[in-house]
Amino acid sequence: MSGRHNLPFFIPHEGCPHRCSFCDQNAISGAQRGPSPREVAERCDALLPAPGAGGQFEIAFFGGSFTAIAREQMVALLEAAFPFVQAGRAAGIRISTRPDAIDNEILDLLAAYRVTAIELGVQSMDDRVLAANGRGHTAQQTRAAAASIRARGFSLGLQMMVGLPGEKDPVRAAAENAAALAALCPDTMRIYPVLVLCNTPLEVMTRKGSYRPLTVEQAVRASAPLLEYFEQKGIRVIRVGLQDDGALRRHLIAGPYHPAFRQCCESFLFRRRMGNVLQGVLPGDYRLLVAPGRISDAVGQRRENLRAFAQRGYRLTITDSCALTGREVRLYGTRQREECEATTCF
Ligand code: SF4
């Protein structure tokens with residue numbers, strides 16, 4: 001959704017045939033019930049820009065299985081949102097749903113209401129893991145749904161989880177899931193490390209000791225390479241880690257929650273690249289260059305990257321250079337050289 005903003009409506013658990021092991025949408029969204037069609041219309045009217053000026057906004061129905069809710073209710077919600085798209089106050093409608101709640105008839109209906117993007121909660125492409133988490137669908141259903149969505153010209157978003165019960169090696173499972181999902185050619189990805197929320201089957205499994213949540217460090221190690229992987233495939237990662245509006249942390253029992261999880265992943269990737277750049281270089285004082293805006297990612301949370309290298313004898317200074325982009329890292333030289341040649345932009 002490049003450059004666009006969502007006007008989100010949460011429909012917690014609506015349409016869900018059952019509870020997946022890890023899920024509590026009330027906790028994640030902070031909402032106890034979905035909006036009525038009238039509430040959708042009122043909020044759209046209050047918050048969307050003037051007619052013709054809504055090209056940056058999409059009306060989004062998240063937090064449940066939109067296409068599995070009662071048909072009259074689904075249509076009523078679309079009817080409430082659609083006039084704002086027709087009037088140019090929003091560019092379109094986004095929805096999230098389950099892979100087994102997509103068929104041609106539903107896609108016809110969504111197209112008629114100018115739904116532009118469909119996100120599928122996939123979570124895993126391993127049928128054994130899907131079954132262990134009560135998902136109630138198979139990887140093949142995901143493949144079929146993704147193909148139908150793309151064939152009809154909708155933007156396809158996929159959501160995957162990292163560290164699900166039943167995965168023996170979370171790093172390897174994450175990489176395998178990512179490869180299977182990239183093969184479905186999504187436009188966007190969301191990556192969510194598994195958190196243990198209260199009153200979920202996962203809480204019971206955790207308390208019994210049959211599930212051990214990842215640490216933040218483990219979750220970063222499994223998630224960070226996916227960022228690079230999807231980028232290389234031209235797939236935009238629009239979210240890494242759950243967002244907390246206060247409700248999430250109140251319901252959090254255990255697991256790798258970090259308020260800046262994506263930045264932790266970026267720092268991990270920078271640490272790896274910094275290590276590559278310093279390979280074969282004798283310990284000492286060095287200056288590394290990174291792209292503008294990436295210094296804090298290279299330095300790491302609480303300077304952890306700098307501290308890690310300092311323990312190995314590398315005292316690093318990080319400076320930005322407009323000659324670099326993305327996660328490029330370049331060894332500029334020693335601090336002494338920098339003192340002679342310092343400029344603001346190398
Ligand atoms: S993960 Fe999706 S399908 Fe499962 S309970 Fe949550 S919202 Fe419903």
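**A first walk through the model**

Reply: With 8 C-beta neighbours inside 10 Å, Arg302 counts as exposed, because exposed means 12 or fewer other C-beta atoms within 10 Å, buried means 20 or more, and partly exposed lies in between, with C-beta atoms placed from the backbone. This is a predicted model, where local features need pLDDT of at least 70, side-chain atom pairs count only at pLDDT 80 or more, and totals for chains, interfaces and linings use all residues. Residues are numbered from 1 along each chain as its sequence is written.

Me: Where is Arg302 found?

Reply: Helices (H or I, at least four residues) and strands (E, at least two) are DSSP runs, numbered from the N terminus. Arg302 has a positive phi of about 50°, although it is not a glycine. Its place is the loop between helix 12 (295–299) and helix 13 (304–311).

Me: Is Arg303 buried or exposed?

Reply: Arg303 lies in the loop between helix 12 and helix 13. It is not a glycine, yet its phi is positive, about 60°. It has 11 other C-beta atoms within 10 Å, so Arg303 is exposed.

Me: Is Glu167 buried or exposed?

Reply: Glu167 sits in the loop between strand 5 and helix 7. Contact means C-beta atoms, placed from the backbone, within 7 Å. Leaving aside neighbours within four places in sequence, Glu167 is in contact with Val129 and Ala173. It has 24 C-beta neighbours inside 10 Å, so Glu167 counts as buried.

Me: Which residues of helix 7 are buried?

Reply: Helix 7 (residues 170–182) has 13 residues and reaches 18 Å from its first C-alpha to its last, close to the 18 Å expected at 1.5 Å a residue. That expected span is 1.5 Å times one less than the number of residues. The buried ones are Pro170, Ala173, Ala174, Asn177, Ala178 and Leu181.

Me: Within what arc do the buried residues of helix 7 fall?

Reply: An α-helix has 3.6 residues a turn, so residues three or four places apart point the same way. The arc is that of the directions from the helix axis to the C-beta atoms. In helix 7 the buried residues line one face, because seen down the axis they fall within an arc of 135°.

Me: Which residues does Ala27 contact?

Reply: Ala27 is found in helix 1 (residues 25–29). It counts as buried, with 22 C-beta neighbours inside 10 Å. Leaving aside neighbours within four places in sequence, its contacts are Leu197, Ala247, Leu248 and His251.

Definitions and conventions
Contact = placed C-beta atoms within 7 Å.
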